[in-house]
Amino acid sequence: MESRQRKVTRKDVAEEAGVSETIVSYVLNKNRYVKEEKRQRVLEAVEKLQYQPNNIARALHGKGSLQILFIAEELSSGYFSEMVSQMSRDAYRQGYMISLCESQKEDEFVSHILSRQFDGLFVSASGNRQSTETSGKVRDSYGTVFKPGD
């Protein structure tokens, strides 16, 4: 069995670039001025080490998960395929990724959704009692829930 390679961290990037983790954070988040020479060293270290930011850690720091959930009753329809494809392209342009799942009848379905801390949610439902209850419970936690046809 292959061993998993250790994930590269901001600390690794900082050590490789010869700067602090704070400087790495400033460069990656583009939220503070960093001298061009240091910024370049950080970017080179990011590329050399193939660093990928951890979106879970980002979400834990209150910066959002950059994830939107799309819940549909029926995933096999061509209608949903076209709609999700366009939504995914639009979301990606704004820095978000779309996750897709089929609505479930189990009571814990809504709590599973809420525990994943999505930044946004789309619900496509036919209006039957189960889908209306599910979208209502989710709406209570998310505020506004978009349902096609609303």
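**Salt bridges and helix packing**

User: What does Arg 39 form a salt bridge with?
Analyst: Arg 39 pairs with Glu 36, and their closest N and O atoms are 2.8 Å apart. This is a predicted model.

User: Where do those two lie?
Analyst: Both are in helix α3. Arg 39 and Glu 36 sit three residues apart, about one turn of the helix.

User: How many salt bridges turn up in the whole structure?
Analyst: Four. One of them joins Glu 37 and Arg 41, at 2.1 Å from N to O. Another links Asp 90 with Arg 93, at 2.8 Å.

User: Which helix holds Asp 90 and Arg 93?
Analyst: Helix α5, residues 78–93. Arg 93 is exposed at 58% relative accessibility, whereas Asp 90 is partly exposed at 34%.

User: Switching topic. At what angle do α2 and α3 cross?
Analyst: Roughly 85°, with the axes coming within 10 Å. The two helices are therefore roughly perpendicular.

User: Which residues meet there?
Analyst: From α2, Ile 23, Val 24, Val 27 and Leu 28. From α3, Arg 39, Val 42, Leu 43 and Val 46. By class, that contact has seven nonpolar residues, one charged and no polar.

User: And the largest nonpolar core, how many residues?
Analyst: 12, including Ile 23, Val 42, Val 46 and Tyr 51. Helices α1, α2 and α3 each supply at least two residues.

User: What does Tyr 51 touch?
Analyst: Leaving out residues up to four places away in sequence, Tyr 51 touches Val 8, Thr 9, Arg 10, Val 13, Leu 28 and Val 46.

Key
Residues are numbered from 1 along each chain as its sequence is written. This is a predicted model: local features need pLDDT of at least 70, side-chain atom pairs count only at pLDDT 80 or more; totals for chains, interfaces and linings use all residues. Side-chain values use heavy atoms; hydrogens and water are left out. A nonpolar core is a set of buried Ala, Val, Leu, Ile, Met, Phe, Trp, Tyr and Cys residues joined through side-chain atoms within 4.5 Å. Buried means under 20% relative accessible area, exposed over 50%, partly exposed in between (1.4 Å probe, protein chains only). Helices (H or I, at least four residues) and strands (E, at least two) are DSSP runs, numbered from the N terminus. Contact means heavy atoms within 4.5 Å. Axes are lines fitted to C-alpha atoms, for helices over the stretch in contact, and angles run from 0 to 180 degrees between N-to-C directions. Angles under 35 degrees count as roughly parallel, over 145 as roughly antiparallel, 65 to 115 as roughly perpendicular and the rest as oblique. Ala, Val, Leu, Ile, Met, Phe, Trp, Tyr, Cys and Pro count as nonpolar, Asp, Glu, Lys and Arg as charged, and the others, Gly among them, as polar. A salt bridge is a side-chain nitrogen of Lys or Arg within 4 Å of a carboxyl oxygen of Asp or Glu.
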